[in-house]
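Reader: I am new to reading protein models and would like to learn how to follow one feature at a time. Could you show me the structure and take me through it slowly?

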Amino acid sequence: MSTVKLTVNGKAVAVDVEDRTLLVQLLRDHLNLTGTHVGCDTSQCGACVVHMDGKAVKSCTMLAGQADGSTITTIEGIAKGDELHPMQAAFRDNHGLQCGYCTPGMIMSAIDIVHRHGGQLDEATVRSELEGNICRCTGYHNIVKAVLDAAGRMKVSQAAE
Amino acid sequence: MYQTTYHRASSVDEAVSLFGKSSEAKFLAGGQTLLPVMKQRLASPSDVIDLGKIKELQGVELSGDTLTIKAATTYYDIMTNADVKKAIPAIAHLTSVLGDPAVRYRGTIGGSIANNDPAADFPAALLALGATVKTNKRSIAAEDFFQGLFTTALEDGELITAVSFPVPAKAGYEKMRHPASRFALTGVFVAQTKSGEVRVAATGASQSGVMRVPVIEAALKANWSPAAVDGVSISANGLLADIHGTAEYRANLIKVMAQRAVSAAG
C-alpha cells in the first residue's frame, strides 16, 4: 500500500491504494468519480482519458503512483457550476453522443486537441487526432462536428476571459 | 494485474540500485507497453521502478553533428522539440505517427527500444541512422543492440540513459500503419549519411525484428531516387505473415515504403 496525493478537480486528496492500482481505479473506485469510463482495458479505446497536468492521458494505462503529486482533471471537473464547458455544450448541440460511453474520453481528448491546435483545426486534423478514442456507435461524424464547433466557442470564451 | 511493489527513483543510480535489490524487477518509463502487458498478466514483475521523475533522463541535446535524446523523453516532447525538427525532421515525423496522442504524451524512446517490439518504429530509426545506445554501463551500436524479437543486448538491470544519432545528410521514414494498433505493418527508414553512405532499415517486416535492407541500400547508393527501387526484388523468406498481411505483401511494402521514404527525405 502507498499513499497517493493528488489534486483532483481542484481538490487536494490523499488516497491509500495498493501499488498495482491504476489511476482510473483510484478515480472511480476510491473517489467515486465514475464519469471516467473503462472501455477496452487494453489502452486502445480512450474512454478513460483524463487530463494530468493539462495533458490528455489514458488513466487505465498509468499506475496511481505515477500520478502522485500531479493535478488531475476529469469529466466532472470541467463545467463551471451549471454552465457546461464549451466542449460539452457543443457535443450536446451537435448530437455528438449516442450511447454516451465514449463521451467523457472524447471530450477530454478533444479539449486537449483544441488546446494544442488552437484555431488551426480542420476536419482532417480532428479525425486524425481522435484516433486514440473509439466510438463503437461509430458516431464520429457528429463528434467531429462538435469538436470543430467547440474550437470556435473555446476561442471566444478564452478571448472573453 | 498481479500484485507488485511500486518504487519511484529520483536518479539513475537509485533506479539501478532498487533494481538490484528486487527479485524480478522491471523499469517503468511511460508504461504504454509494460502496463497493458501487466494488465493481461503476461508480465508479473515483483517490483516496478518508475523512471518518470528522473531529470537526468529527460531532454534533447544537439551538439555539432550529434543529436542526443535522453531515454525517458516522451514522444510528444520529441516530436515538438525544435532541435529534433531542425537536425533530423524524419525523427519528428516518425514520432508524430506513432501510437495516438495520449500514448505520445506518456511513451518514451527508451521504452520503445528496450522492448524491441518487431513492429515498433524507433528501432528502424536507430538502425538506419547508425545510432548509439547509451546505458548506465556502456555505449552499444544499434547493430549490436537489437537482437531479435523483443530481445536486446541489455543485461539484467542495465538501464538505457540516452540515444545518440549522427545527424544525416538526408533521412525519411514512412510506414503502413495498422489501422487499429497504429503499429507499423511495415515501416522503412532511409538515411544518407554526411559521408555518403546509404542505410535502410525496415521494421514490422522480418521474423527477426528490425533489419537492414542491403539490396535497397545498394540501389539508392547508385541513385538516390524512388525510381531506383523499382527494379529491386525483396525475398519473402523470413518475413512475417499473419492475418494482417502475407510475407509477400510485406516484401512489397518494404519497397513501397522505401520509395515513399526517399520521396519524403528529398
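Reader: In which sense do S2(B) and strand S3 of chain B pair, and over how many bridges?

Author: Strands of a sheet pair through backbone hydrogen bonds, either parallel or antiparallel. Here S2(B) pairs with strand S3 (residues 47-50) of chain B in the parallel sense, over 4 bridges, where two strands count as paired if DSSP finds at least two bridges between them. Strands are DSSP runs (E, at least two residues) and helices are runs of H or I with at least four residues, both numbered from the N terminus. Within this pair, B:Ala25 stands opposite B:Asp47 in S3(B). This is a predicted model, in which local features need pLDDT of at least 70 and side-chain atom pairs count only at pLDDT 80 or more, while totals for chains, interfaces and linings use all residues. Residues are numbered from 1 along each chain as its sequence is written, and chains are lettered from A and ligands numbered from 1 in the order in which they are written.

Reader: Which strands form the open sheet with parallel pairing, and in what order?

Author: The order is S1-S3-S2 in chain B, an open sheet of 3 strands with parallel pairing. Its edge strands are S1 and strand S2 (25-28) of chain B, each of which pairs on one side only. Neighbouring strands of this sheet are turned by 25° against each other on average, direction ignored, with axes taken as lines fitted to C-alpha atoms, for helices over the stretch in contact, and angles between N-to-C directions running from 0 to 180 degrees.

Reader: Which strands form the open sheet with antiparallel pairing?

Author: That sheet has 4 strands in the order S9-S10-S11-S12, again in chain B. Strand S9 (170-177) and strand S12 (211-212) of chain B stand at the edges with a single partner strand each, so one side of each is left without a neighbour in the sheet. S9(B) pairs with strand S10 (residues 184-192) of chain B in the antiparallel sense over 8 bridges, and the bridge partner of B:Arg177 in S10(B) is B:Ala184. Helix H11 (residues 247-265) of chain B packs on the sheet and touches S9, S10 and strand S11 (198-203) of chain B, its direction making about 45° with that of S10(B).

Reader: How many residues of chain B are in contact with chain A?

Author: A contact means that the C-beta atoms of two residues, placed from the backbone, lie within 7 Å. By that rule, 19 residues of chain B are in contact with 22 residues of chain A. Strand S1 (5-8), helix H2 (34-39) and helix H6 (101-106) of chain B each supply at least two residues of the side that touches chain A, and the largest share, 5 residues, comes from H6(B).

Reader: Into which domains is chain A divided?

Author: An automatic or database domain assignment supplies the bounds. Chain A is divided into domain 1 (2-76) and domain 2 (86-160), and 21 Å separate the centres of these domains, taken over C-alpha atoms. Where they meet, 15 residues of domain 1 of chain A are in contact with 11 residues of domain 2 of chain A. On the side of domain 1 that touches domain 2, strand S3 (49-52) and strand S4 (55-58) of chain A each supply at least two residues, and S3(A) gives the most, with 3 residues.
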